[in-house]
Amino acid sequence: MGDSAEYLMYVDGGWRRAVSGATYDAIDPARGAPFGKVARGSRDDAQLAIHAANRARDTWGKVSLWERCDYARRVADIRDQHKEELADILCTELGKPRHGEAKMEADEASQPWRIAAEQAKYFEGHTKPAADPSKRVLTFWRPRGVVAALTPWNFPAAIPGEYLPFAMVMGNTVVWSPAPTAAATACKLMECIHEAGVPAGVVNLVLGPGNEVGDELVASRDTHAVGMTGSPQTAQVIASRAGVKPCLFELGGNGPIIVFPDVDPAEIAASIGFACFFAAGQVCSSGGRILVAERLQRDLTDALVEESKRWIHGDPWDPNVVMGPQNNLQSVNKVAAHVADAVTKGARIAVGGHRPDHPGFFYEPTVLENYTLDSLINREETFGPVAPITSFSNEDEAWRYVNACDLGLVSAIFTRDVERAWRWAEQLNTGMTIVNDWTHFWEHHLPFGGLASNRSGIGRIGGRHTLEFMSDLKIIVFNVGRPSEGLPPMAGR
Ligand code: NAD
């Protein structure tokens, strides 16, 4: 990847420039400098891809399920052959440390492709009993049509795998638009799909700004479902543009981590550090705020300050570096604004709290103490390497902090008291609660998503849950009696 690298779109089985010929710079966030040019798609390019996906629908729907699964498995095999190159791209394009986070994501990127291929074969319909003795009722799954997939930049190799293979194996065709800062990673996946021989039009890649390309995909009458991972703010816009189309939204979080007085802060500090600092805090399941029992606050704060020192940041190609930059200037400014807001409202910076003095969009691993209920850090997703701690004197006070934020994706509680663990786990308003560990646990066959009463999303991703979203349930009723036998009694007959 030199400065002259060029990243193109993939439509109807071929690579292409934007209809307008426009491009934008691909930026290396660790240097804050360009490393290539990306084709800047517009509504016209989105339309071309939508047409291609609709043209491919009929033929793809007739390819047998077993064969569609073979294609997905082939993509997985080819991805595995390109792991090293993919890790290089993740390091360049996202600043992910090459020997840690980038390698980890590249190693795992093929997994959901295999899981989709395995699970689709066992995704059965049902026969249903009916009160009417002359009826036999069957349900089975059919494709929805053209799926619009919109993916974020934070795990740009892994997250497309949560949509694309599941849509494909169920017989849908796809138009995919990744976040503009993740185009190079997207092109690498598209190369693997092409090499696997997936027929033209089945998966199409359109690059460009979300509010043009993404909006066209969402609002078009010729797309039939939307799968989107991103921020609650974007989902709000999409929901208003998609009409009655089914939407799967996987959105942001601000995971509370609640630490009760019966645990040892030294034992749990590494788990909490990982929850807050991994991927420079740019994970939807990051530990966004920590509530600790009063008597443990000092020890936990000190332990996290020590922990923060292990998160060495800097040149992501350096084998000693474990934390990369924020994705873009806007993101790093948001982290700085959240920290400044907390400090203005009375919080103290225990460590970090600055942008380091080197190029790129870095922010130091930061531990904040005594943030207040109304601070942005308690109410909104920060999406940066910040571990904000505040203490509670009783459970009611802890609940007040937890409930001051209406994001609800992943929470964690640390306690040895089983009764308390159950009570809190059941009542916390998050899609997932982890007891006694970090917040990032998830595997691709498991359900994941936000609870309906908050801004963290709608629906569940993962394994059969994604297969379900990618399918319509068809119901067929067979009458096995004479046609008139089942008619209800009517007056006068
Ligand atoms: P984003 O909302 O800016 O963008 C997400 C996707 O939507 C991108 O593909 C973007 O191009 C597209 N988009 C933007 N505006 C659009 C519009 N008006 N119409 C249609 N599409 C549009 O999010 P981001 O900054 O790329 O990602 C970070 C966010 O993603 C964070 O909030 C994070 O928590 C969330 N996230 C959630 C999960 C999860 O599984 N719940 C996983 C990863 C990231």
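This is a predicted model: local features need pLDDT of at least 70, side-chain atom pairs count only at pLDDT 80 or more; totals for chains, interfaces and linings use all residues.
Residues are numbered from 1 along each chain as its sequence is written, and side-chain values use heavy atoms, with hydrogens and water left out.

Helix H2 covers residues 65-81 and helix H7 residues 183-195; they pack at about 125 degrees with axes 8 Å apart (axes are lines fitted to C-alpha atoms, for helices over the stretch in contact, and angles run from 0 to 180 degrees between N-to-C directions). That angle makes H2 oblique to H7 (under 35 degrees is roughly parallel, over 145 roughly antiparallel, 65 to 115 roughly perpendicular, the rest oblique). Helices (H or I, at least four residues) and strands (E, at least two) are DSSP runs, numbered from the N terminus.

## A three-stranded sheet

Now to the strands. An open, antiparallel sheet is built from three strands in the order E6-E7-E21 (strands pair if DSSP finds at least two bridges between them). Strand E6 (126-128) and strand E21 (471-479) are the edges, each with a single partner strand, so one side of each has no neighbour in the sheet. On average, neighbouring strands here are turned by 25 degrees against each other, direction ignored.

E6 pairs with strand E7 (residues 135-143) in the antiparallel sense over three bridges. Lys128 has Val137 of E7 as its bridge partner.
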